[in-house]
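I opened this notebook to keep track of what I looked up, in the order in which I looked. The structure comes just below, and my entries follow it.

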Amino acid sequence: ARGVRHARWAGGALPLPPARIARIVVIGDTGCRLKAADRVWQACDQPDRWPFAGIAARAAALHPDMVLHVGDYLYRENPCPAGVEGCAGANWGYGEAGWRADFLDPAAPLLAAAPWTMVRGNHEECARAGEGWWRLLDPHRLIAGRDCTDPAQDRAGNHGAPYAVDLGGRDRLVVLDLVALAAARPGDPGPVDDLRGDVGRIAALTAGARSRFVTAHYPLNAVLWASGGTDAVTIGGKVAAALGAGALPDVRAMFAGHIHFFQYARFTDRPSQLVTGFSGTEEDPAIAPATLADAAGKPGSAPLDALTTIAGRFGYALLERHGAAWRLTAFAPDGSVMGRFAL
């Protein structure tokens, strides 16, 4: 088929992906955080405090070929307390009202603009929004015992098989579900074995590809300040530790969220890392070096080749193909450019 193809549904026409995907909107961690345990009550009814609806509308206006959401869709875990400004009366919970308020309604223009690749976040584990995940977003077949309806089966429901998205031009994107590792009980080796098995399938899923990209909610190569100050740098976390050194040597770049900021990191010995957990959820503080100059010469920084961290600002990104090259632009909610980067 030539031009834009569409699939029909009750609400209208949905675009199908072109044979060569060249423009990908990248977002993540989009929900409005209402969490009693952390005493965080995000102002869901104030667009400057929870800008996801505006971000979705502006991203849709970019006319992408695909949308990549790197996980965490539903953050409304508890009811807003009486007297708290900005979230009074907000819908909450893991039922339909919560899903509509936190994701389906604000994302509507972007859901209609392009096909999506959806990554599962820790907020979509079985003990949280897992039932909605399996019914609404996961591309695999819904199977009894793996659908998060029975807590005794959560071990199975917290893992989905990896799969590849063909971007055309011999480029492929592999999607990993790492929720089981986050939800694992101490001493349970099963999720780690699953993860290693999934990573071992990347080569088969991308056979013949020129460029291999991987997306997972947890960033394997996020660059952070070591605990206790700004005197040392850490790269990666428990997921990277579970995989061991040298994981994913033939991968060009990784896309992730989980940490609520934007980060672009390029290395001399591992895939580049993009973190786009900045599309709506309450932002994290400045827990990472802002630039390569901030980290240079400090313990742990040796593999770094380029680094930009944008903390405390919401936004979205556009990944564009230019021949064999891919370039990424980070935008603020108002559409202004925060940075441009080459993969």
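**Aromatic rings**

I began with the rings, and found that ring pairs link Trp 50, Phe 52, Tyr 73, Phe 103, Trp 116 and Trp 133 into a cluster. I note at once that this is a predicted model, and I read every entry here with that in mind.

For the structure as a whole I have 11 aromatic pairs on record. One of them joins Phe 213 and Phe 255, whose ring centres lie 6.0 Å apart with 50° between the planes, so the pair is classed as tilted.

**Charges over rings**

I then looked for charged ends placed over rings. That of Arg 76 sits over the ring of Trp 50, 5.1 Å from the ring's centre, and Trp 50 is also one of the rings in the cluster I noted above. The charged end of Arg 270 sits over the ring of Phe 267, at 5.5 Å from its centre.

Next I turned to the largest pocket, which holds about 350 Å³ of space. Its lining is made of 18 residues, and those nearest the centre are Pro 15, Ala 114, Pro 115, Trp 116 and Thr 117. The elements that give two or more residues to this lining are β2 (12-15), β7 (116-118) and β8 (163-168). By class, I wrote down 16 nonpolar residues, 1 polar and 1 charged.

The second largest pocket has a volume of about 210 Å³, and among the residues that line it are Tyr 218, Pro 219, Lys 238, His 258 and Ile 259. Helix α9 (residues 238-243) gives the most to this lining, with 3 residues. Here the classes divide into 8 nonpolar, 3 polar and 1 charged.

**Glu 131**

My last entry concerns Glu 131, which lies in helix α4 (residues 130-137). Its relative accessible area is 40%, so I list Glu 131 as partly exposed. Leaving aside residues up to four places away in sequence, Glu 131 touches Asp 147, Cys 148 and Thr 149. I also looked up Ala 342, which is 211 residues from Glu 131 along the chain, and the C-alpha atoms of the two are separated by 37 Å.

Terms used: Residues are numbered from 1 along each chain as its sequence is written. This is a predicted model: local features need pLDDT of at least 70, side-chain atom pairs count only at pLDDT 80 or more; totals for chains, interfaces and linings use all residues. Side-chain values use heavy atoms; hydrogens and water are left out. On a 1 Å grid over the protein atoms alone, a cavity is a set of points where a 1.4 Å probe fits but cannot get out, and a pocket is an open set with protein on both sides within 12 Å along at least five of seven lines; lining residues have an atom within 4 Å of a point. Grid points are joined across faces, edges and corners, and a volume is the space filled by probe spheres set on the points. Helices (H or I, at least four residues) and strands (E, at least two) are DSSP runs, numbered from the N terminus. Ala, Val, Leu, Ile, Met, Phe, Trp, Tyr, Cys and Pro count as nonpolar, Asp, Glu, Lys and Arg as charged, and the others, Gly among them, as polar. Buried means under 20% relative accessible area, exposed over 50%, partly exposed in between (1.4 Å probe, protein chains only). Contact means heavy atoms within 4.5 Å. Rings of Phe, Tyr and Trp (its six-membered ring) pair if their centres lie within 6.5 Å; planes under 30 degrees apart count as stacked, over 60 as edge-to-face and the rest as tilted. A charge sits over a ring if NZ of Lys or CZ of Arg is within 6 Å of the ring centre and within 35 degrees of the ring normal.
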